[in-house]
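Here are my notes on the model, point by point. Please read them with the structure open.

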Amino acid sequence: MKTDVAIEAKDVEYIYPDGTVGISDVNLKILEKERIAITGANGSGKTTLLLLLSGLLKPHKGYVKVFGYEVNRKNTEQIRRSVGIVFQDPDDFLFNPTVREELLYTPAQLDMPYEEAIEVAEKYAKIFGIDKLLDKPPLRLSGGEKKKVALAAVMMLKPKILILDEPTANIDGKTRKRIVEMIEKFDGTLIIATHELDLIPKFANRVILLGMDRKMAVNGDLSILDDKKLLEEVGIV
Amino acid sequence: MHIPDGFIDLDVAAIFYVLTLAVLGYSLYKVRKEDVNLSLLGIVAAGIFAAQMLNWPIPGGTSAHLVAGALAGILLGPYAGSLAMASVLTIQCLIFADGGVTALGANIWNMGVVDVFVGYYIYKVLKGKNEYLASFIGGWLGITMAAMFAGVEVGLSSSFKYGITTTVPVMGLWHGILGIVEGIITAAVVGYIHTTRPDIMERAGEVKVGKITWAVLGLLILLSPLFAYAAEAVGYSEPLENVAEMLGAEEHTIYEGLLPDYTVPGMDPYIGTLISGIVGVGIVLLLGVGISRVHK
Amino acid sequence: MTDLIEKSIKEASSYFQNFFSQEYFREGFLQKVDVRIKLIGIFILLLASISTFDFSKTFTIFFSALVLAKLSNIRIKLLLSRIWLFTLFAFIIVIPRAFMGVKDFYFLNFGEFVYAIIFTFRVVTAITLLQLLILTTPFNQILAAFKSFKIPQQFVFILGLTYRYIHLMFSELLRILVARESRRIKKTGFVEVWRFGGKSLGSFFIRTFEKGEKVQLAMNARGNDIKSYIKPFSFTQSEMLFTIFVLFALTWWIMI
């Protein structure tokens, strides 16, 4: 297989324990350095798809390969080292007692030396403007601050693939501008789920549209954003 | 029911630290072996903490709190449940000064071991008959046993001058009554989860319930008043007299407790305590049957 | 239900005040001492305070605690507000003994009365020491200290998670209760409150489990283990002074 394929999904289907279909019939190839937006109405399976592409969920049918490694127990570490994902709800994502420990969490799992880890953490804290919050517990941060901490914790490790679930939901204009800036600067493979259509042209060159049947409706370039009829059909506008 | 520092003697505290650490150590081993989801454990512990803060109104204008040890056992299984309760109690001690540092071992023993294991096994044994009844009795007996153990700990301590024949019945009776609220709420929670997300409770570690379980449970119930009896028999009250001498006072009969009426008059105190205990169990069992009818 | 919600909010807010006040510590002596040394030192003093019934010995420790409070800029009023309830509780429990047995004056058994006072004083001294620790140490530092004390990492991780999510889960619980209450019309009795409250708690615990599953997923994404860094220990001036202080108090306690 070609080396420049970042993620490949074939006939992927995922069904939740209670029997509801999370997503089905996903066939997808994402090239390295490609920038992709996934959009669709509420409940169309965006989050499920992201979790599958990041290798966190194992599909019940078909397979997902990340840089040629199929998602399974054996390859977990290989995949995790190249993929960084940020959840939509930072309260699910930030589980450490302070912001500092939040930033140091993954480096500790990677056995990075303490001095090196703290140096990178402080550098990224400055970049994201959260350096004054390092000793605060995450629960005392505002929604925007939490988003920045989550993003910093993942981006400081320079993942090859960055996956973001609604990075700009529920935040004020100023924070949003900063986050968009940071995402624009990222130069690896980028996958973003969002239903803010006006943001998509800023950082994506391909759009995947999910329909209400939890299948991929369209997989194409940005021109579909102008197709009002189609967007109405899948329930976005 | 959180015992503060200074209520129990250091040797009693040390004994219960050792017992508690042994159980928690084994629980950690089990949790590691069964690859239990640690995040889930920590967050359910936070949920229990939150649930404990609710102030349930009870007749008479006061209110009661849930301890939720039995609930933790039923939802997470006894091993993960005891770790969750230990986490809650440690935080209550070190952030809110609820319960003492030296008494932490005893407090975890009562609410994180006795309450959790008794609650879990009662539920396990009875749930085949009736889900509500099983969780009601589990919740009630768990908290009552926990309270009786608290009574044993302070009663055995010479710093706390009331004897064990006073503390165990007082704690047992008081929490036996309050425990009814605990039982009702435990039953409502378990019933609700059982009908909406049964998979959650099926996950709680399967532990076989055999004759041994019954034996241990029976032993535990017999044990609490037995402690009292044994303590009296070997004259554990001796250090107490030393204290009294030091203070220039003389120790007087220990039976003249706060509420001597809780033992059956004219009878051996152990048997008296046991009888009042059994009568209490009977009353609550009947109540439980009644309540589980109402629930249906 | 209104009763349940209102009382719970009132109590919880006083609880959480404690929780959040930890972020706004004043500068002071104890605040500078390494938490590992501080934990050990305070624990030793606490043991000394409750292992005796000698008033002057316990007073030694109590006095030391007050000195530490002063050095750490802890207001006496704040300290009092946090110990008076425990004091009252302990005293009410033991004071009936003063009216039992031989009566020295009309109705009072003097020996037992002295016992009740000293017992309460010991409890107060111990709680004062515990409050000194709480008022000068953020919980996450205690967690870090636990790690270097070789307390199993799994348990420290569970403690950290519990601490992190208490407030979030309580707001969630309140939302569920208030939503249920907002749609209630008829008046409810005690048993109904318990039952409906219990059901609300049931749905709350289901959400708790769902939250736990999501956090587990996040943990998988971010490293799936519980390793952490342990700060190297350094014995500076503050640690030295604190150790000397504790030893001095202890010597005094033994000699007296």
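1. Contact here means heavy atoms within 4.5 Å. On that rule, chain C puts 84 residues into its contact with chain B, and chain B puts in 78 residues.

2. Some ground rules. This is a predicted model, in which local features need pLDDT of at least 70 and side-chain atom pairs count only at pLDDT 80 or more, while totals for chains, interfaces and linings use all residues. Residues are numbered from 1 along each chain as its sequence is written, chains are lettered from A and ligands numbered from 1 in the order in which they are written, and side-chain values use heavy atoms, with hydrogens and water left out.

3. Chains C and B bury about 7,400 Å² between them. Buried area is the accessible area (1.4 Å probe) that two parts lose on being put together, summed over both. Carbon and sulfur atoms carry 77% of it. On the chain C side, C:Tyr15, C:Trp194 and C:Phe209 lose the most area to chain B, together 11% of what that side buries.

4. The rule finds three salt bridges across this interface. A salt bridge is a side-chain nitrogen of Lys or Arg within 4 Å of a carboxyl oxygen of Asp or Glu. B:Arg197 forms one with C:Glu213; the closest N and O atoms are 3.9 Å apart.

5. Which helix gives the largest share of the side of chain C that touches chain B? It is α9(C), with 22 residues. Helices (H or I, at least four residues) and strands (E, at least two) are DSSP runs, numbered from the N terminus.

6. By class, that side of chain C has 55 nonpolar, 17 polar and twelve charged residues. Ala, Val, Leu, Ile, Met, Phe, Trp, Tyr, Cys and Pro count as nonpolar, Asp, Glu, Lys and Arg as charged, and the others, Gly among them, as polar.

7. Now chain A. Six strands form an open, mixed sheet in the order β6-β7-β8-β3-β9-β10. Two strands pair if DSSP finds at least two bridges between them. β6 (83-86) and β10 (216-220) of chain A each have a single partner strand, so one side of each lacks a neighbour in the sheet.

8. β9 (206-210) and β10 of chain A pair antiparallel over four bridges. A:Leu209 stands opposite A:Val218 in β10(A).

9. Over all chains, the structure holds 23 salt bridges. One of them joins A:Glu13 to A:Lys61, with the closest N and O atoms 3.6 Å apart. This pair links distant parts of the chain: A:Glu13 lies in β1 (5-15) and A:Lys61 in β4 (61-66) of chain A, 48 residues apart.
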